[in-house]
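The following note goes through the model point by point. Please read it alongside the sequence and the coordinates.

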Amino acid sequence: GASARGVGIGDRIADIKAAYPKAKVDRDTEEVFEITLVKVPRGGGGRIQFAVDVDTKKITMISVPAVQFCE
């Protein structure tokens with residue numbers, strides 16, 4: 001499976017923060033999409049985004065540069 005700095009599907013937010021200390025947790029998508037987005041800025045290791053399931057608290061998707069949503 002895909003991984004970024006050793007962080008892969010099934011890992012948790014703490015694993016992302018350990019690999020990417022500048023990662024920012026964005027909870028704005030939790031109510032509608034039931035995922036938490038964790039964004040890594042370009043200066044923090046690259047433009048990459050992780051989708052973390054609200055219920056399981058595990059990474060379900062890794063996207064470069066960002067998770068795509070249909071509007």
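**Note on the predicted model**

1. The protein chain has two helices and six strands, where helices (H or I, at least four residues) and strands (E, at least two) are DSSP runs numbered from the N terminus. Read from the N terminus, the elements follow the order β-β-α-β-α-β-β-β. The model is predicted: local features need pLDDT of at least 70, side-chain atom pairs count only at pLDDT 80 or more, and totals for chains, interfaces and linings use all residues. Residues are numbered from 1 along each chain as its sequence is written, and side-chain values use heavy atoms, with hydrogens and water left out.

2. Overall dimensions. The radius of gyration of the protein chain is 11 Å, close to the 11 Å that the globule rule gives for 71 residues, so the chain is as compact as a globular protein of that length. This radius is taken over C-alpha atoms, and the rule is 2.2 Å times the number of residues to the power 0.38. Along its principal axes, the C-alpha trace spans about 30 × 25 × 20 Å.

3. Burial and surface. Of the 71 residues in the protein chain, 34% are buried (under 20% relative accessible area; exposed is over 50% and partly exposed lies in between, with a 1.4 Å probe and protein chains only). The protein chain exposes about 4,600 Å², and carbon and sulfur atoms supply 50% of that area. Among contacts (heavy atoms within 4.5 Å) between residues at least 6 apart in sequence, 31% join residues at least 24 apart.

4. The sheet. Four strands form an open sheet in the order β3-β4-β5-β6, with antiparallel pairing; two strands pair if DSSP finds at least two bridges between them. Strands β3 (24-26) and β6 (59-63) stand at the edges with a single partner strand each, so one side of each is left without a neighbour in the sheet. Neighbouring strands of this sheet are turned by 20 degrees against each other on average, direction ignored (axes are lines fitted to C-alpha atoms, and angles run from 0 to 180 degrees between N-to-C directions).

5. Strand β5 and its partners. Five of the six residues of β5 are buried, so this strand is largely enclosed by the rest of the structure. Strand β4 (residues 35-40) pairs with β5 in the antiparallel sense over six bridges, and Thr36 has Val52 in β5 as its bridge partner. Strand β5 (residues 48-53) also pairs with β6, in the antiparallel sense over four bridges. Ala51 is bridged to Met61 in β6. In the hairpin of β5 and β6, five residues lie between the strands, and Lys57 takes a positive phi near 65 degrees.

6. Gln49. This residue is found in strand β5 and is buried, with a relative accessible area of 7%. What is the bridge partner of Gln49 in β6? The partner is Ser63. A polar atom of the Gln49 side chain lies 2.7 Å from the backbone nitrogen of Val67. Leaving aside neighbours within four places in sequence, Gln49 is in contact with residues including Leu37, Val38, Lys39, Pro65 and Ala66.

7. Ser63. The place of Ser63 is in strand β6, and at 10% relative accessibility this residue counts as buried. Not counting residues up to four places away in sequence, Ser63 touches Ile48 and Gln49.

How values were computed
A polar contact is a pair of N or O atoms within 3.5 Å; within protein, one must be able to donate a hydrogen and the other to accept it, and residues adjacent in sequence count only if both atoms are side-chain atoms. Accessible areas come from the Shrake-Rupley method with a 1.4 Å probe; for residues, only the protein chains shown count as cover.
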